[in-house]
Amino acid sequence: MKNIIKNYKKFSLIAVISLGIQNNALANDNACGALLCLAGGVTSGACAPYVAEYFNIFDTNPAKMLTKRLDFLKMCDTNTPPPANLDLPTEVKNALSSKDSDLTHFQNEIVPNLDGSCTKEELNRVEEKKVKVGASYVSYFRINPAPTKSCTLLSSSKYFQKEIKYTCPNDFYTQTDWFNGYTKTYIAYNEYMSLDESKRGSEKKEVLISLAEYKKLPSDLRKMTSSYVDGNKINRYYRIDTLYFKKNIINKDCWEVKDKVS
């Protein structure tokens, strides 16, 4: 019976040690995978779960979150090969074994300070500019032409494997145009009819006219308003015109992001 208990304890200890080794190996793979994928700027494919695990490390206290992320990255043993499933350039994969000081700086100073990766969705963020007009402010919008903080940090690595490019004009758009999704070019009716239906737009405009002209118009093309000034009734007469315009669609997908790794 004593031998049975002794052997059971022995096998239990071996199992615990084996499990610990497996967990350490997994933690090493996950940390190295996140480090190499972020260094290369690759967040898709096999890199996706490694990058996701890194950014899932969160704390409401920024300083604590920085420490937790740095601790996670330090689990990457530079004396071990990178995860086998990563399709990264040789230069990036060899960064671990080469003990490159650039990678050490990237690991300790850059990656822990990232607030995102460097994706098209993150880059295509809206920038608002407020301009004071009289006593109030008017808002203008565009897709921000400057890279995100994370893209700027990541691109400082010589291993960065992405190309990013802003492809839109730098113009700001009025709030009305931005939320409509297009600007207007007013055109003649014949040109309007030649456009694809999705590009056509029209609107009504009231034009101040005389009473004589007002009387000549059909009821659906005229309008009268009345107001009182110093007790006197004042009538104003309008012609209702239809204006035709072409919709110039505002492109809000302004950043081109290409992985150098397919």
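## Helix α5

The buried residues of helix α5 (residues 101-110) are L103, F106, Q107 and I110. Buried here stands for under 20% relative accessible area, exposed for over 50%, and partly exposed for values in between, with a 1.4 Å probe and protein chains only. Seen down the axis of α5, these buried residues fall within an arc of 125°, so they line one face of the helix. The arc is taken from the directions that run from the helix axis to the C-beta atoms. An α-helix has 3.6 residues a turn, so residues three or four places apart point the same way.

## Model and overall content

This is a predicted model, in which local features need pLDDT of at least 70 and side-chain atom pairs count only at pLDDT 80 or more, while totals for chains, interfaces and linings use all residues. Residues are numbered from 1 along each chain as its sequence is written, and side-chain values use heavy atoms, with hydrogens and water left out.

The protein has 10 helices and nine strands. Helices (H or I, at least four residues) and strands (E, at least two) are DSSP runs, numbered from the N terminus. Of the 262 residues of the protein, 32% count as buried. Among contacts between residues at least 6 apart in sequence, 70% join residues at least 24 apart; a contact means heavy atoms within 4.5 Å.

## Helices α2 and α3

Helix α2 (residues 48-55) packs with helix α3 (residues 62-73) at an angle of about 145°, and their axes are 10 Å apart. The axes are lines fitted to C-alpha atoms, for helices over the stretch in contact, and the angles run from 0 to 180 degrees between N-to-C directions. On the α2 side E53, Y54 and F55 take part, and they meet R69, F72 and L73 in α3. By class, this contact has four nonpolar, no polar and two charged residues. Nonpolar covers Ala, Val, Leu, Ile, Met, Phe, Trp, Tyr, Cys and Pro, charged covers Asp, Glu, Lys and Arg, and the others, Gly among them, count as polar.

The buried residues of α2 are Y50, V51 and Y54. They cover an arc of only 95° around the axis, which puts them on the same side of α2.

## N30 in helix α1

N30 is found in helix α1 (residues 2-40). At 16% relative accessibility, N30 counts as buried. Not counting residues up to four places away in sequence, N30 touches Y50, E53 and F72. Of these, Y50 is among the buried residues of α2, while E53 of α2 and F72 of α3 take part in the contact of those two helices.

The side chains of N30 and E53 are joined by a polar contact of 3.1 Å. A polar contact is a pair of N or O atoms within 3.5 Å; within protein, one must be able to donate a hydrogen and the other to accept it, and residues adjacent in sequence count only if both atoms are side-chain atoms.

## The sheet β1-β2-β4

Three strands form an open sheet in the order β1-β2-β4, with antiparallel pairing. Its edge strands are β1 (126-133) and β4 (173-174), each of which pairs on one side only. Two strands pair if DSSP finds at least two bridges between them. β1 and β2 pair over eight bridges in the antiparallel sense, with K132 opposite Y137 in β2. The two strands form a hairpin with two residues between them, and G134 in the turn has a positive phi of about 65°. Strand β2 (residues 136-143) and β4 pair in the antiparallel sense over two bridges, and Y140 stands opposite T174 in β4.

S139 is found in strand β2. It is buried, with a relative accessible area of 10%. The side chain of S139 makes a polar contact of 2.7 Å with the side chain of E128. Leaving aside neighbours within four places in sequence, S139 is in contact with E128, K129, K130, Y173, T174 and Q175.

E91 lies in helix α4 (residues 90-93) and is partly exposed, with a relative accessible area of 44%. Leaving aside neighbours within four places in sequence, E91 is in contact with K158 and Y159. E91 and Y159 are 68 residues apart along the chain, and their C-alpha atoms are separated by 7.2 Å.

D230 is found in the loop between β7 (222-229) and β8 (232-249). At 76% relative accessibility, D230 counts as exposed. D230 has a positive phi of about 55° although it is not a glycine.
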